[in-house]
Amino acid sequence: MNRLIPAFLSVLVVSQISAVQAQTLDAQQILDKAKQAAGGDAWDKVRTLYSKGKSKISGVDADRDEWIDLQRLRYAEKLHYGPISGGLGFDGKAAWGKEPNKPTVTMSSGDFYKGQITSTVLRSYAYWFPKRWETKTEYKGQQADGEKQFQVVQVSPKNGSSIELWFDSKTYLLSRMKGIGAKAFLVYLSDYRDVNGLKIPFFLTQKKENGDVKLEEVQVNKLVTNEQYEAPSETSKSNKKG
């Protein structure tokens, strides 16, 4: 009997390794299908994305402009509430945020920084381009919500927060983004439209926070200066955990 134990353990270890490899392969397969559904190789030529639209946060409307650098992983989202401005961004090194009537704050550590790393990876679709930002992916299986089925992949960017991406099992377009942990959130993506061969969601809503984003136009590879991604002036810098 004792002679059988090493053989049994060997089989068990091999089966566990195979399961992990299959899980990794499944995650990559889902992401590959999602990329193809959203435009395929057309994404390889995208350097920047610019979008203009409206944002509603807690019932308050704002004009919204966003610039995304997909290759260098930077973004800036500027919000205008009449004469008052605010926004969020990541300049490639530090995360920044500005609330209306308050000075801009930048951070290079802490929860806010981690959240902005993940936000940048999502906005720039870096989970399709692992060489641009180190990101672990894990297939979490299929989930159902009523009659809808979703393929779920957990994305964990280096120095960022983990998040679940829910891809529609029929279209393989990203349908939901679900946060993990105490500050969990759920964002719905819809109204996909064709822009230069790319499938881009023109409506995002986060029901728990009573907020949504409605795009009016999207431009691909628009020229943008480096200054566009930098935090606004009058900055209050901090390295404290947010």
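In this predicted model, the charged end of R132 sits over the ring of F129, 3.8 Å from its centre, where a charge is taken to sit over a ring if NZ of Lys or CZ of Arg is within 6 Å of the ring centre and within 35 degrees of the ring normal. K222 likewise lies over the face of Y50, at 4.1 Å from the ring centre. Residues are numbered from 1 along each chain as its sequence is written, and side-chain values use heavy atoms, with hydrogens and water left out.

A search of the whole structure finds 9 aromatic pairs, a pair being rings of Phe, Tyr and Trp (its six-membered ring) whose centres lie within 6.5 Å, with planes under 30 degrees apart called stacked, over 60 edge-to-face and the rest tilted. One of these is the tilted pair of W43 and Y125, with 4.4 Å centre to centre and 40° between the planes. This pair links distant parts of the chain, 82 residues apart, since W43 is in the loop between α1 (4-37) and β1 (48-57) and Y125 is in the loop between α2 (110-123) and β7 (135-145); helices (H or I, at least four residues) and strands (E, at least two) are DSSP runs, numbered from the N terminus. W43 is buried, at a relative accessible area of 0%, and Y125 is also buried, at 13%, where buried means under 20% relative accessible area, exposed over 50% and partly exposed in between (1.4 Å probe, protein chains only). W43, Y125, Y127 and W128 form one aromatic cluster.

T205, placed in strand β12 (residues 198-206), is buried with a relative accessible area of 15%. Its contacts (heavy atoms within 4.5 Å), not counting residues up to four places away in sequence, are L186, V187, Y188, G211 and D212. A polar atom of the T205 side chain lies 3.5 Å from the backbone oxygen of G211.

Most residues other than glycine have a negative phi. N196, in the loop between β11 (186-195) and β12, has a positive phi of about 55°, but is exposed, with a relative accessible area of 61%.

How values were computed. Predicted model: local features only at pLDDT ≥ 70, side-chain atom pairs only at ≥ 80, totals over all residues. Polar contact = N/O pair within 3.5 Å; in protein donor to acceptor, adjacent residues only side chain to side chain.
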